[in-house]
Amino acid sequence: MLNAKIPAGPLETKWSNYKSTVKLVNPANKRKLEIIVVGTGLAGASAAAALGELGYKVKVFCFQDSARRAHSIAAQGGINAAKNYQNDGDSIFRLFYDTVKGGDYRAREGNVYRLSEVSGNIIDQCVAQGVPFAREYGGLLSNRSFGGTQVQRTFYAAGQTGQQLLLGAYSALERQVALGNVKQYTRHEMLEVVKIDGKARGIIARNLVSGKIERHF
Ligand SMILES: Cc1cc2nc3c(=O)[nH]c(=O)nc-3n(C[C@H](O)[C@H](O)[C@H](O)COP(=O)(O)OP(=O)(O)OC[C@H]3O[C@@H](n4cnc5c(N)ncnc54)[C@H](O)[C@@H]3O)c2cc1C
């Protein structure tokens, strides 16, 4: 069984308690820490861009010829956030509940709660990165109902939300690449995670252009 290392404590405070007590990394040491991110979809591209922005040295890998060809590009319907713009009774708990139910009760509840908590910030960040979400005629962000919920909380960009979100994440990533904080390895397939004393310390990857096997720590 995978140990997801979800922090202990009551559901609503697990992650906020953890975040306020976890050891911080001295800003001067961040440059000395190299972090490997495998994948440049919405998850990997945003993680790599955020880590670069925070001051870490990042290497990011994907097997496509461009980071922006990750499968996230296919997502269509939209992204849910408990902003309650429609004043139809939405809340963090309702988004949490609907997501756990929609995931056939198989999702990790602590992490879904955290996702619901930060869902509003995710929309704000995407807007700041230039994602062209649909708007009402008055200029406010529009919502639709998606996935059988009784509230309207889905932020969308026509039928190509994933593509627009990925372009936003990709722009943030490329900005970090241009600043020299992130090094990008496209057409590289990770073959193995290298573990030392139970901790992931590196990867073995195949350069899909030259066929060479490389190691990255
Ligand atoms: C048609 C469709 C519609 C969808 N609609 C919605 C929607 O409306 N709303 C919603 O919330 N979700 C939707 N989803 C789901 C959502 O898009 C995905 O869950 C999400 O985009 C996955 O993002 P990701 O970053 O985890 O993975 P991906 O975008 O798949 O990225 C995976 C990355 O990992 C890399 N990778 C994988 N293996 C290796 C390896 N061995 N070595 C190196 N790199 C590797 C790939 O190169 C890629 O860059 C939809 C999905 C699809 C397919």
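Colleague: Is serine 119 buried or exposed?

Modeller: First, the general idea: buried means under 20% relative accessible area, exposed over 50%, and partly exposed in between (1.4 Å probe, protein chains only). Serine 119 has a relative accessible area of 3%, so serine 119 is buried.

Colleague: Okay, and what should I know about the model itself?

Modeller: This is a predicted model, where local features need pLDDT of at least 70, side-chain atom pairs count only at pLDDT 80 or more, and totals for chains, interfaces and linings use all residues. Residues are numbered from 1 along each chain as its sequence is written, and side-chain values use heavy atoms, with hydrogens and water left out.

Colleague: Which helix holds serine 119?

Modeller: Helices (H or I, at least four residues) and strands (E, at least two) are DSSP runs, numbered from the N terminus. Serine 119 sits in helix 5, residues 109-128.

Colleague: How many helices and strands are there in the protein chain?

Modeller: The protein chain has six helices and eight strands.

Colleague: What about lysine 195, buried or exposed?

Modeller: Lysine 195 counts as exposed because its relative accessibility is 61%. You'll find lysine 195 in strand 6, residues 188-196.

Colleague: What share of the residues of the protein chain count as buried?

Modeller: That's 33% of the 217 residues.

Colleague: And how do I read the radius of gyration?

Modeller: It's taken over C-alpha atoms, and the globule rule is 2.2 Å times the number of residues to the power 0.38. With 217 residues, a compact globule would come out near 17 Å; the protein chain has 19 Å, which agrees.
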